[in-house]
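Here is a walk through one protein and its ligand. Begin with the backbone, then move to the pocket.

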Amino acid sequence: MLELEKFIRDVPDFPKKGIVFKDITPLLADPAALECAIEQLARPYLGAGVRTVVGIESRGFILGAAVARVLQAGFVPLRKAGKLPWKTVRKSYALEYGTDSIEIHADAVGSGDKVLMIDDLLATGGTMQAACQLVSQLGGKIVGVAFLVELDFLAGRAKLDGYDIHTLIHVK
Ligand code: AMP
């Protein structure tokens, strides 16, 4: 079994001072690490009847599409406001300073569809909480919420109470 955390690069003060950015590009670039990560993200949901994997912009697209192939599911992108071309539903959520908004195509998830939510990293949890609210609004049944990395010290999982959370790498 590979130690996936060895493929995550810490970049201090990016994109702004005080943030330690978790750069997953070394993991994506390594054939064995990428395969291991995708297999492990998908494993708890094999046979769970997942119809749709929803990935959050932008690194969630890379992981989510690969996991969708393993689960023989479809893939749906959830994007920053203003990027999707069709009719959308939008949700705003609080950041440390100000707010941000994400959108999903209004017809992307059917009522009762089983959905797996994917992003690269769980920090404060605001992004994934808003994403789950949008998918639920469309009638999707969220069977799991999966991340490559979770920053445990930010306690983001408190915002995802009631969901099955699956994380490969915990940062204390
Ligand atoms: P949050 O809503 O606070 O949980 O932030 C999660 C989103 O922001 C994810 O899409 C992450 O890709 C990104 N993010 C937040 N903090 C970091 C970090 N330290 N390193 C890399 N990405 C981050």
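Helices (H or I, at least four residues) and strands (E, at least two) are DSSP runs, numbered from the N terminus. This is a predicted model: local features need pLDDT of at least 70, side-chain atom pairs count only at pLDDT 80 or more, and totals for chains, interfaces and linings use all residues. Residues are numbered from 1 along each chain as its sequence is written, and side-chain values use heavy atoms, with hydrogens and water left out.

Start with the loops. Ser 58 lies in the loop between strand 3 (52-56) and helix 3. The bond that joins Glu 57 to Ser 58 is a cis peptide, with omega about -5°. A further cis bond runs from Phe 14 to Pro 15, with omega near -5°. Pro 15 is found in the loop between strand 1 (9-12) and strand 2. Asp 13 also has its place in the loop between strand 1 and strand 2. Its phi is positive, near 60°, although Asp 13 is not a glycine. Most residues other than glycine have a negative phi, and most peptide bonds are trans.

Now the pocket. Rolling a probe the size of a water molecule over the atoms shows where empty space is left. On a 1 Å grid over the protein atoms alone, a pocket is an open set of points where a 1.4 Å probe fits, with protein on both sides within 12 Å along at least five of seven lines; lining residues have an atom within 4 Å of a point. The largest pocket has a volume of about 1,200 Å³, taken as the space filled by probe spheres set on the points, which are joined across faces, edges and corners. Its lining has 33 residues, and Ile 19, Leu 121, Ala 123, Thr 124 and Thr 127 lie nearest the centre. Strand 7 gives the most to this lining, with four residues.

What sits in the largest pocket? The ligand does, by the test that more than half of its atoms lie within 2 Å of the grid points. The elements giving two or more residues to the shell around the ligand are strand 2 (20-23), strand 7 (114-122) and helix 4 (126-137). In total, 13 residues surround the ligand, each with a heavy atom within 4 Å of it. The closest are Arg 59, Asp 120, Thr 124, Gly 125 and Thr 127.

Look at the polar contacts, pairs of N or O atoms within 3.5 Å. An N or O atom in the side chain of Thr 127 is 2.5 Å from an oxygen atom of the ligand. For Asp 120, a polar side-chain atom lies 2.7 Å from a ligand oxygen. Val 20 uses a polar backbone atom, 3.0 Å from a nitrogen atom of the ligand.

Methods. Polar contact = N/O pair within 3.5 Å; in protein donor to acceptor, adjacent residues only side chain to side chain.
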